[in-house]
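Hi everyone, thanks for coming. I'd like to walk you through one structure today, a few places at a time.

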Amino acid sequence: MERQRAGDSIGLTIQLNSDTELRSIGLGDADEMFAAIDRNRERLHQWLPWASSGYSIADTYLFLSNSLEELARHESLTMTIRHRGNLCGAIGLHRIDHKNRSSAIGYWIDEAHEGKGIVTAACRAMVNEGFRNFGLHRIEIRCATWNHRSSAVPRRLEFLEEGILREAEWLHDKWVDLRVFSMLAQDWV
Ligand SMILES: CC(C)(COP(=O)(O)OP(=O)(O)OC[C@H]1O[C@@H](n2cnc3c(N)ncnc32)[C@H](O)[C@@H]1OP(=O)(O)O)[C@@H](O)C(=O)NCCC(=O)NCCS
């Protein structure tokens, strides 16, 4: 994996392979990000509380500007996932807690790019980033108990499954149980 710092918002690009890279977000991503969310709207709605039926481009702008402010305060790191230059998903280190040196990873990918190992590779790169460059000690991934594709990502990366948080998330119209996975810096190879 190549890693370079260059020209955009904070200028972080992480090359996953010759076709696919992670790029730190900028406000200029809004149109492309909204288009990807819009074409996956029904699918994302099943799993992600923010992907409501009324989700609009204004929500994408708000998300990007909040994420950039958090980035400036070192409270999160959000990256677009790009395949041959085109935005096909997003991944982030969220809720960075400096006192406890912990964070949580969230992700989604366009249906056309599902099933190719891109998210697992992206997640591996974000865990590397979190442990090596943000000084984290613990990284969590939380998935709805029936979101098997999402749970498969931390399992592939040998996160430890810690248990289930009962009714821990409000998903549009119901409470959802969340499976918690974690990785500690000393266990990450
Ligand atoms: C959850 C989600 C991100 C998982 O995406 P994904 O494409 O299944 O994950 P990956 O990109 O790691 O791909 C894994 C698949 O690629 C295959 N694969 C191919 N090459 C691979 C490689 N080099 N490494 C790992 N997996 C590889 C795996 O076998 C697996 O296939 P399978 O599903 O048939 O078993 C995606 O389903 C999604 O966006 N869902 C909606 C949003 C969501 O639920 N977000 C998470 C909320 S907690």
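Let me start with a question: in which strand does Arg 95 lie? Arg 95 lies in strand β5, which covers residues 86–97. Before we go on, please keep in mind that this is a predicted model.

Arg 95 is not a glycine, yet its phi is positive, at about 50 degrees. Is Arg 95 buried, partly exposed or exposed? Arg 95 counts as partly exposed, because it has 13 C-beta neighbours inside 10 Å.

There is another residue of this kind. Glu 158, also not a glycine, has a positive phi near 60 degrees. You will find Glu 158 in the loop between α5 and β8, the latter being residues 160–171. Glu 158 has 11 other C-beta atoms within 10 Å, so this residue is exposed.

Ser 103 itself sits in strand β6. With 25 C-beta neighbours inside 10 Å, and 20 or more being enough to count as buried, Ser 103 is therefore buried. For a sense of distance, Ser 103 and Glu 69 are 34 residues apart in sequence, and their C-alpha atoms are 17 Å apart in space.

Next, the helices. Two packed helices are described by the angle between their axes and the distance between the axes. Here, helix α1, residues 30–39, packs with helix α3, residues 57–72, at an angle of about 125 degrees, and the axes are 9 Å apart. That angle makes α1 oblique to α3. As for handedness, the crossing of α1 and α3 is right-handed. Which residues meet there? From α1 we have Ala 30, Met 33, Phe 34 and Ile 37, and from α3 we have Ile 57, Thr 60, Tyr 61 and Leu 64. By class, this contact of α1 with α3 has 7 nonpolar residues, 1 polar and no charged.

Leu 48 is in the loop between α2 and α3. Leu 48 and Tyr 61 are 13 residues apart along the chain, with 18 Å between their C-alpha atoms. Leu 48 has 19 other C-beta atoms within 10 Å, so it is partly exposed.

On to the ligand. Which of the 20 residues around the ligand come nearest? They are Trp 47, Glu 114, Gly 117, Val 119 and Thr 120. Elements giving two or more residues to this shell are α2 (41–45), β6 (102–109), α4 (118–133) and α5 (148–156). Of these, α5 gives the most, with 4 residues. The shell around the ligand is made up of 10 nonpolar, 5 polar and 5 charged residues.

One last stop: Thr 145, in the loop between β7 (138–144) and α5. Thr 145 has 13 C-beta neighbours inside 10 Å, so it counts as partly exposed. Leaving aside neighbours within four places in sequence, Thr 145 is in contact with Ile 164, Asp 177 and Arg 179. Thr 145 and Arg 166 are 21 residues apart in sequence, and 9.8 Å apart from C-alpha to C-alpha.

How values were computed: Residues numbered from 1 in each chain as written. Predicted model: local features only at pLDDT ≥ 70, side-chain atom pairs only at ≥ 80, totals over all residues. Axes fitted to C-alpha atoms, helices over the stretch in contact; angles between N-to-C directions. Parallel < 35°, antiparallel > 145°, perpendicular 65-115°, else oblique. Left-handed = near helix turned anticlockwise from the far one by under 90°. Contact = placed C-beta atoms within 7 Å. Nonpolar A, V, L, I, M, F, W, Y, C, P; charged D, E, K, R; others polar. Near = placed C-beta within 6 Å. Buried ≥ 20, exposed ≤ 12 C-beta atoms within 10 Å, placed from the backbone.
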